[in-house]
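A short briefing on both topics comes after it.

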Amino acid sequence: MPVYKYPMPLASEITSHSDYLNRRTFLTGIAGATGLAMTPFLGEGSAHAALKAGKSEFSTDAKPTSRQDITTYNNFYEFGTSKSDPAANAGTLTTRPWTIEVDGMVNNPGTLDIDDLLTKFPLEERIYRFRCVEAWSMVIPWVGIPLSALLNKFDVQGSAKYVAFETLVRPEEMPQQRSLFPPLEWPYVEGLRLDEAMHPLTIMAVGLYGDILPNQNGAPARLVVPWKYGFKSIKSVVKMTLTESEPPTSWNKAAAREYGFYSNVNPQVDHPRWSQATERKIGAGLFASRVDTLMLNGYADQVGSLYSGMDLKKFY
Ligand SMILES: Nc1nc2c(c(=O)[nH]1)N[C@H]1C(S)=C(S)[C@@H](COP(=O)(O)O)O[C@H]1N2
Ligand SMILES: [Mo]
């Protein structure tokens with residue numbers, strides 16, 4: 001693990017895989033006996049929640065943005081539209097029990113349980129550049145699982161061409177889902193072409209900075225597609241559906257002229273209301289100069305071939 005400038009749990013506090021399982025069984029027993037919810041023991045900041053993750057060859061060596069910035073400057077419209085709203089409001093989200101339903105064009109439809117994701121799949125640390133369509137960026141040390149490893153469990157049919165993703169709808173816990181004037185239509189939905197979903201860079205993130213995912217970052221599981229604008233990385237996923245036709249996406253439904261299905265980071269194709277040529281690095285200071293945005297957010301060598309022959313001005 002790289003050395004981070006935030007208090008990592010001491011080695012003695014890091015829960016081993018078998019301890020984690022034992023503790024879970026123990027806590028399930030308590031919760032079952034007392035009728036308590038299962039959530040608290042996995043709360044943010046709990047040393048016991050530390051995740052064991054192998055390093056990945058896919059990580060950038062750029063310096064990660066601080067944990068403070070990553071967890072307080074967020075977009076998660078279910079909790080409000082200001083950058084500080086998710087950190088202030090997402091504490092109400094309960095993330096146990098939690099399953100992700102997988103259906104549509106698969107031979108074995110079923111569900112994934114979040115605790116299976118955390119314990120039965122090899123977790124990897126992926127330090128990725130992250131570029132929001134609003135022209136700011138971060139470097140985020142995710143912990144996740146290649147999405148292909150999850151989808152392959154369900155035996156995707158040969159004629160499937162896309163994956164549609166859905167976020168939780170739970171108005172009791174998500175204040176903007178109770179709003180009379182919601183900023184988006186719920187559920188938040190996203191989509192990927194199947195080859196994008198199966199690409200080794202695409203992960204389902206379950207943690208960051210070596211710990212479980214904070215609610216404001218999309219707990220307990222959120223998609224991360226590092227060569228696309230941030231809004232493709234849908235949070236708090238409850239459903240994945242394999243489809244033949246291109247699925248709808250929240251921001252395209254809200255403003256089709258501004259947000260297309262592909263939403264690949266592209267410094268040469270401006271948003272209708274602002275340039276995408278440069279970006280502001282969060283945490284670099286107010287007077288830091290902007291840096292050039294890279295084609296496909298710097299992942300062109302790995303994913304450029306997915307788009308060969310496509311007019312990226314048309315398929316924005
Ligand atoms: N369900 C849901 N997912 C979402 C959003 C949202 O509002 N709701 N915002 C998106 C946008 S615009 C961005 S930039 C990223 C932000 O992720 P972060 O807060 O972890 O940096 O989440 C994306 N996923
Ligand atoms: Mo975004």
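What follows is a briefing on the strand pairing and on the ligand surroundings.

This is a predicted model, in which local features need pLDDT of at least 70 and side-chain atom pairs count only at pLDDT 80 or more, while totals for chains, interfaces and linings use all residues. Residues are numbered from 1 along each chain as its sequence is written, chains are lettered from A and ligands numbered from 1 in the order in which they are written, and side-chain values use heavy atoms, with hydrogens and water left out.

**The sheet**

- Five strands make up an open sheet of mixed pairing, in the order β3-β2-β11-β6-β7; strands are DSSP runs of E with at least two residues, numbered from the N terminus, and two of them pair if DSSP finds at least two bridges between them.
- The edges are formed by β3 (110-113) and β7 (189-193), each of which pairs on one side only.
- From one strand to the next the twist averages 20 degrees, with axes taken as lines fitted to C-alpha atoms and angles running from 0 to 180 degrees between N-to-C directions.

**Strand pairs**

- β2 (residues 99-104) is antiparallel to β3, with four bridges between the two, and Ile 100 has Leu 112 of β3 as its bridge partner.
- These two strands, β2 and β3, form a hairpin, with five residues between them.
- β2 also pairs with β11 (residues 237-243), here in the parallel sense and over four bridges, and in this pairing Glu 101 stands opposite Lys 239 of β11.
- β6 (residues 162-167) runs antiparallel to β7, to which five bridges join it, and Ala 164 stands opposite Gly 191 of β7.

**Ligand 1**

- There are 16 residues around ligand 1, of which Asn 74, Tyr 77, Glu 78, Arg 222 and Lys 235 come nearest; a residue is near a molecule if one of its heavy atoms lies within 4 Å of it.
- By class, this shell holds seven nonpolar, six polar and three charged residues, where Ala, Val, Leu, Ile, Met, Phe, Trp, Tyr, Cys and Pro count as nonpolar, Asp, Glu, Lys and Arg as charged, and the others, Gly among them, as polar.
- An oxygen atom of ligand 1 lies 2.8 Å from a polar side-chain atom of Arg 222, a polar contact being a pair of N or O atoms within 3.5 Å.
- Backbone atoms also take part: a nitrogen atom of ligand 1 is 2.9 Å from a polar backbone atom of Ser 233, and a nitrogen atom of ligand 1 lies 3.3 Å from a backbone N or O atom of Asn 75.
- On its own, ligand 1 has 540 Å² of accessible area, and the protein covers 98% of it, as computed by the Shrake-Rupley method with a 1.4 Å probe.

Definitions and conventions. A polar contact is a pair of N or O atoms within 3.5 Å; within protein, one must be able to donate a hydrogen and the other to accept it, and residues adjacent in sequence count only if both atoms are side-chain atoms.
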